[in-house]
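I set out to record what I looked up in this model, entry by entry. The coordinates and the sequence are placed here first.

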Amino acid sequence: MVRAAVLPAVGAPLEITDIVLPEPGPGQVRVALAAAGVCHSDLSLSDGTMRVPVPAVLGHEGAGTVLAVGEGVTHVAPGDGVVLNWAPSCGSCFHCGIGEVWLCADALKGAARLHARTADGTGLHPGLNVAAFAEETVVAANCVLPAPDGIPLTDAALLGCAVLTGYGAVHHSARLRAGESVVVFGVGGVGLAVLQAARIAGASRIIAVDVSPAKEELARQAGAADYLIASATTPREIRKLTGGQGTDVAVECVGRPATIRAAWESTRRGGRTTVVGIGGKDQEVTFNALEIFHWGRSLTGCVYGNSDPARDLPVLADHIRAGRFDLSMMVTERIGLDGIPAAFDNMIAGKGGRALVVFP
């Protein structure tokens, strides 16, 4: 029996309870979690913004140590440190075939399987394939990547989502170039990764926007030169900071129509906006046809930072070991499993950076 955070139904409170995990079968790996980040996507699964089979063990950003492997698993062995990959690519669908592994058609296929049971025998799904809100988990072999050397597993957990997403949003989606200016909307876990990635990319000016005055110090530590409290006049304030033009790039990490629209309006004519935040299907962003032509701006979605974890983790590890990227500064709270509901409340209230579940 292991302890886990179970979502019994969409919209229901999480239940911290014992679950029964099977031994790993062929092509599977059992992992003891060192830590798991509490991501806004977990909240979106909990409230139904994103749909997955339930009941489920949530949590998709994590790292730990391999306990056992099933038949045919050769790239990791018991005792190895690993980072969980919640969106493994199949390698054979259309998008994998053209190199867009972050859009793999089968990436979330594993969420439909039953990966564990409650003490009374109820089957449980792994929320986003990996079920990281648990002391231990059993995952498909392609859901684990060797953890980079020299990085504590508790820190490496953030590589599984926030850091890959934030770094990729800057380098792969927005393609920020040295000397360009950027504004980042939302200074949560992903936003802090975006700010650090923008600094690494050589941005000439980095502006952070959030609803909370309390996040200014974090934003500046991550690389922001300017910090604005979000309001209806934010795009105008950003243009004032950039000689009346607006920034070259905007990265939106909130997923609300108002902030997506504000991010787009904050860029210069011909500017680029990347949307990382996940909104609901009933939320609409509107533009008129003339402004789309006149401003010549681009607006793009971004899934998992348009990242290939196998390619990008070694690059990120180099930045971390060299001190260019600081994982620990992103963590504003270290909690146990029973602290996840409060971490969800803090995200809804716009408080803090990344909450990290740390396992004994």
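The entries below cover the record, the core, the strands and the aromatic rings.

**Basis.** I worked from a predicted model, in which local features need pLDDT of at least 70, side-chain atom pairs count only at pLDDT 80 or more, and totals for chains, interfaces and linings use all residues. Residues are numbered from 1 along each chain as its sequence is written, and side-chain values use heavy atoms, with hydrogens and water left out.

**Record.** I looked up the UniProt annotation: an unreviewed entry lists "domain: Enoyl reductase (ER)" for residues 11-357. UniProt positions are given in the numbering used here, feature names are shortened, and annotations may be inferred rather than shown by experiment. I noted 27% helix and 26% strand over residues 11-357, with the end C-alpha atoms 21 Å apart. Helices (H or I, at least four residues) and strands (E, at least two) are DSSP runs, numbered from the N terminus.

**Core.** I then asked which residues have the most contacts inside the largest nonpolar core. They are Val29, Val38, Leu159, Val182, Leu195, Met330 and Ile340, in a core of 97 residues. Such a core is a set of buried Ala, Val, Leu, Ile, Met, Phe, Trp, Tyr and Cys residues joined through side-chain atoms within 4.5 Å. Helix α5 (residues 189-201) gives the largest share of this core, eight residues. The core lies between domain 1 (2-159 + 327-358) and domain 2 (166-302), because both give residues to it. These domain bounds come from an automatic or database domain assignment.

**Helix α4.** I checked burial along α4 (residues 162-173): 11 of its 12 residues are buried, so this helix is largely enclosed by the rest of the structure. Buried means under 20% relative accessible area, exposed over 50%, and partly exposed in between (1.4 Å probe, protein chains only). Among the buried residues are Tyr167 and His172. Just after α4, arginine 175 takes a positive phi of about 55°.

**Strands.** I traced a barrel closed by five strands in the order β1-β2-β7-β8-β4, with mixed pairing. Two strands pair if DSSP finds at least two bridges between them. Valine 82 is the bridge partner of glycine 64, and valine 83 stands opposite leucine 145.

**Aromatic rings.** How many aromatic pairs does the structure hold? I found two. Rings of Phe, Tyr and Trp (its six-membered ring) pair if their centres lie within 6.5 Å; planes under 30 degrees apart count as stacked, over 60 as edge-to-face and the rest as tilted. Tryptophan 86 and tyrosine 304 form a tilted pair, 4.7 Å centre to centre with 40° between the planes. This pair links distant parts of the chain, 218 residues apart. Tryptophan 86 is buried at 13% relative accessible area, as is tyrosine 304 at 4%. Tryptophan 264 lies in helix α8 (residues 257-265), and phenylalanine 287 in the loop between β15 (267-275) and α9 (289-295). Tryptophan 264 is buried at 3%, whereas phenylalanine 287 is partly exposed at 26%.

**Arginine 297.** I noted that arginine 297 lies over the face of tryptophan 264, at 4.6 Å from the ring centre. Its charged end also sits over the ring of tryptophan 295, 4.1 Å from the centre. A charge sits over a ring if NZ of Lys or CZ of Arg is within 6 Å of the ring centre and within 35 degrees of the ring normal.
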